[in-house]
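Please open the model in your viewer and keep the selection panel at hand. The tour moves from the whole interface to single residues.

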Number of protein chains: 2
Amino acid sequence: MATKRKVRTLIAIGGHEDKAGDRTVLKEFVSRLTAASVVVATLASEVSDEMWDEYKRVFRSLGVKKTEHLQLEARANIPDHEERLLEGLQGAGGVFFTGGDQLRITSKLGGTPLCERIQEMYRNGVPIAGTSAGASILTETMVVSGSEGSHRIGDALRLSPGLGFLPAVVIDQHFGERGRIGRLLGIVAQNPRALGLGIDENTAVVIEDEKEFRVIGSGAVYVVDGRSMTHTNVSEEATDLTLSMFDTRLHVLSRGDCYDLQERRPWPARAEVAK
Amino acid sequence: MATKRKVRTLIAIGGHEDKAGDRTVLKEFVSRLTAASVVVATLASEVSDEMWDEYKRVFRSLGVKKTEHLQLEARANIPDHEERLLEGLQGAGGVFFTGGDQLRITSKLGGTPLCERIQEMYRNGVPIAGTSAGASILTETMVVSGSEGSHRIGDALRLSPGLGFLPAVVIDQHFGERGRIGRLLGIVAQNPRALGLGIDENTAVVIEDEKEFRVIGSGAVYVVDGRSMTHTNVSEEATDLTLSMFDTRLHVLSRGDCYDLQERRPWPARAEVAK
């Protein structure tokens, strides 16, 4: 018997996705659910209950029948607690990580059986989405913080291991809105093996099988490919140094544009304007 | 008799150059004066007298013996008025344009005998510097305004003819601090013949003979070279479109780094760190 190939789907959203208007980004997530049931993980947030209320409402309005709240006060590897949490994931057709502080997600969830279960669901085709901090945690290495609007190399650029769904990519969010090009370039300069993605608000990349993505939403997505880089000063010792980085390849993608993560090549939207 | 070759010098400053500490950027300008006399043009500013007081003080503290104030209430082509203004330029060893609104400079000064005289001084080796709005007006085409932190193509991106010292370059300032990469990319996408320069605060490019420049000061200078661009959507008609722009070459330059404007090629600072 032929089985339908399971596409692995990640949706990384740059924050502030529309929840009241056309809800393009959230609709895309809902359209890809494997069942009409969503787990909303609010671990990143300090106002976890408000987040849960908000997303419960918007997912219900988009036709999702069942919503589950995933919130952790402590690490998700405490017996009993753990069982209940794993039950919460039963039958879920998608997992959505809200915004806040990415370290709250990774420090509580990373390396727990709950996290492994989410990884397994992902491999079985259950789409995993995240907005803002929830987007950054999707990659192997994630950005935690770094100065905005500055190009100082030593300035508090902090990285951390992420949840690891996507290798060799670093995602930054609220990108244009918060002037984060400098810190994204600084990360790529440290190791151009990592591709830098900078995602604007109300904008997302829909990544399939870790191979390619398409841009949806109203803003832009920057792709910083440092492989062509011919010079940088990031390994110099002076901590007050400002970034130098020559010959970087930069793409700005908007709605409908696609990108091949393996070939590192963009291609344009087809007649999106005429829609 | 051999005459010393006159180097034409432009200093484009990204705004907020240090005036109380090491004053690196202003010192560079002063070191290049052809006489210890500076004309401070405050046309761009709404607080022209305050600007004049501030720059008079800082230039005096840097050893400049004579400072002249160039301020215009109306266009500089009114007889009598004109004579007096031209006299003010006599013997000046440098001209410095302060910040404010670039259209205040170009609409009052552009196409007047006074402007022609400044052009002539420039060709004769008198350095011309400008900070913020004063930097943008140095080029043939200048940016007037455009949304920051957004990538909408149609959003109020306004260009204007500048004073024309430097062709085929567009300069934006307060670059990292105000998140202006989006609008600079948008300009370059419209015509990659123009090279985009984005200059951080307390940072400048010292341009010689319109051929090459060196970076001074504490921040970064972005160089956006769009010649390699393979796709853009800027000529599409939809006004709510977000920028698409593939395969742009981006350089981030810091203190000591140089750039060849003819070959469009950067080269790194030599042991600047060890200084």
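**The interface between the chains**

Select both chains and colour the residues in contact, that is, with heavy atoms within 4.5 Å: 38 residues of chain B touch 38 residues of chain A. This is a predicted model, in which local features need pLDDT of at least 70 and side-chain atom pairs count only at pLDDT 80 or more, whereas totals for chains, interfaces and linings use all residues. Residues are numbered from 1 along each chain as its sequence is written, chains are lettered from A in the order in which they are written, and side-chain values use heavy atoms, without hydrogens and water. The model has an ipTM of 0.84 and a pTM of 0.90, and chain A averages a pLDDT (the predictor's confidence in each residue, from 0 to 100) of 91, with 95% of its residues scoring at least 70.

Together, chain B and chain A bury about 3,000 Å², of which 56% lies on carbon and sulfur atoms; buried area is the accessible area (1.4 Å probe) that two parts lose on being put together, summed over both. Now select Phe246(B), Leu250(B) and Val252(B), which supply 19% of the area that chain B buries against chain A, more than any other three residues.

Next, show Arg249(A) and Asp247(B), which form a salt bridge with the closest N and O atoms 2.5 Å apart. The count between the chains is two salt bridges, each defined as a side-chain nitrogen of Lys or Arg within 4 Å of a carboxyl oxygen of Asp or Glu.

Which element gives the most to the side of chain B that touches chain A? Select β14(B), which gives nine residues; strands here are DSSP runs (E, at least two residues), numbered from the N terminus.

Definitions and conventions. Helix = DSSP H or I, 4+ residues; strand = E, 2+ residues; numbered from the N terminus.
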